Amino acid sequence: MDWAYFVELLCSGLVRGSIYALIALGYTMVYGIIQLINFAHGEIYMIGAFVALIVSGALTIYGFSGVSILVLAALIAAVYAAAYGITLERIAYRPLRGAPRLSPLISAIGASLFLQNYVLLAQTPDFLPFPALIPDFEFMEPIAHIVGSPELVILVVTTLTMIGLTVLIKHTKIGKAMRATQQDMIMARLTGVNVDRVISVTFVIGSVLAAIGGVLVGSYIGQINFYIGFMVGVKAFTAAVLGGIGNIPGAVIGALVLGLTEAFAAGYVSSAYEDVFAFGLLVLILIVRPAGILGKAVKQKV
Amino acid sequence: MLELKNVQTYYGNIQALKGINMEVREGEIVTLIGANGAGKTTTLMTISGVVPPKSGEVLFEGTPIQKLSSEKIVKKGLIQAPEGRRIFPNMSVMENLEMGAFLRNDKIIIKQDFDYVFDLFPRLAERRAQLGGTLSGGEQQMLAISRALMARPRLLLLDEPSLGLAPIIITQIFEIIRKINKESNTTVFLVEQNANQALKLAHRGYVMENGAITLTDTAANLLANEAVKSAYLGI
């Protein structure tokens, strides 16, 4: 067995998985709180990538360089994505709260198409080259043929982001309010939680994570267009369902499982079949564990 | 302290409250009794701002609150322990209590209040790390009341605290309600189907039928009232 090749596939799978995880978290958090599948979430990721592209272009002109561009572009992309996320919730979802579940779902699909076409018209239908914002580190050179600097940065950034998110949800006041709202929205209101604000914050967090994902992927793959959000969105949604939708650690595990499956399928079978394996895995897990890998564990006594 | 004036509440086209008038004075225990579906829970949800009324006024210490959001009403000290207890199932006992103190910032006094509720219900202290969803019904009710107390209620709204509990635990919980009312001078508005026990505990009572108040009197008089006896006390 060729171990170097295996490790290379493993890394590529983890990289894919962690990107899926960043986006899957947005799906699963929103679903956990308002039981809505936010189909426009992939578009927020795409918009994040576009904002980063524009910002990094401008910053290059002003003479910024290397890592400072990456950080600034990611920050500004996150702010824009958060604004889009909040606006999306206000316009497309909040007026439909309390409506039958199908209505916000259709609204979500509409919002997704709208955002895609808005970027298509405002920018271009063509693929745009995305600058390699992640520099090549010298210390990575000896193992660069297995794990490159961009992969390392993606893994580190996503890991840190997830640790941050866990701390936020477990230990901060807003995190507790989010969990309370997820478990019983009316009771959360009766303890004084402003549920509308919690929902907005959830959209902000999801959008920021998606934007970070957009910047990392753009820089890693090297090109973006208005349609990149769709497939990544579908895959991240798959990851969220795999892990058990509404379950935050589940989304991360589902994403890693999905990313690794794709990478090994592409490496050992054929890259033409990676999607077959990804969705085949989804079907398989849903047959065996319909609630997902980490589906509901705690039973409530009445 | 709390006054409802001609309050009408709807669920869609269905009228649940048909012009309710009632009053709770400071320091009292007032009970609202009635059959299933009479509108008792709706009355509490209307007071708490979860189901706002279509018309009429809800006055808390003289100011109208019927248009305020739930969290503003909670901030005023109107705290509800709702029907079915509604414990956050995936939060520990401790976290459920912290949620009760969600709007408070006085960390030191919150700590004292933890001790106070653990003193009221030693069972909760033993189970502070356990998830709320795994508690027994009686323990959940203790937690629901404690969570409400953590908000430092000026007026405590209790919705059927006896529901589904063993008689011995009901007695225990009613005893604690009396204690809360006496010792920390918390006004209590108690919704109950268990009319007998509720009227024994309360100072005054209201009887509700089909979304309207049909009778009000002191608790002692209601206990002696023939109509109440035959309809709600099973005598």
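Student: Hi! How many residues does helix α2 of chain A have, and how far does it reach?

Tutor: In this predicted model, α2 (residues 41-61) of chain A has 21 residues and reaches 31 Å from its first C-alpha to its last. That is close to the 30 Å expected at 1.5 Å a residue.

Student: Is α2(A) enclosed by the rest of the structure or open, and why?

Tutor: It is largely enclosed, because 15 of the 21 residues of α2(A) are buried.

Student: And what follows α2(A)?

Tutor: A:Gly63 follows, and its phi is positive, near 90°.

Student: Zooming out, how many helices and strands does chain A have?

Tutor: Eleven helices and two strands. Along the sequence they run α-α-α-α-β-α-α-α-α-β-α-α-α.

Student: What about the radius of gyration of chain A?

Tutor: Chain A has 19 Å, which agrees with the value near 19 Å for a compact globule of 302 residues. The C-alpha trace spans about 60 × 50 × 35 Å along its principal axes, and 50% of the residues of chain A count as buried.

Student: Switching topic: how many residues of chain A are in contact with chain B?

Tutor: 16 residues of chain A are in contact with 24 residues of chain B. On the chain A side, α6 (173-183) and α7 (185-190) each supply at least two residues. By class, that side has six nonpolar, five polar and five charged residues.

How values were computed:
Residues numbered from 1 in each chain as written. Chains lettered and ligands numbered in written order. Predicted model: local features only at pLDDT ≥ 70, side-chain atom pairs only at ≥ 80, totals over all residues. Contact = placed C-beta atoms within 7 Å. Helix = DSSP H or I, 4+ residues; strand = E, 2+ residues; numbered from the N terminus. Nonpolar A, V, L, I, M, F, W, Y, C, P; charged D, E, K, R; others polar. Expected span 1.5 Å × (residues − 1). Buried ≥ 20, exposed ≤ 12 C-beta atoms within 10 Å, placed from the backbone. Rg over C-alpha atoms; globule rule 2.2 N^0.38 Å.
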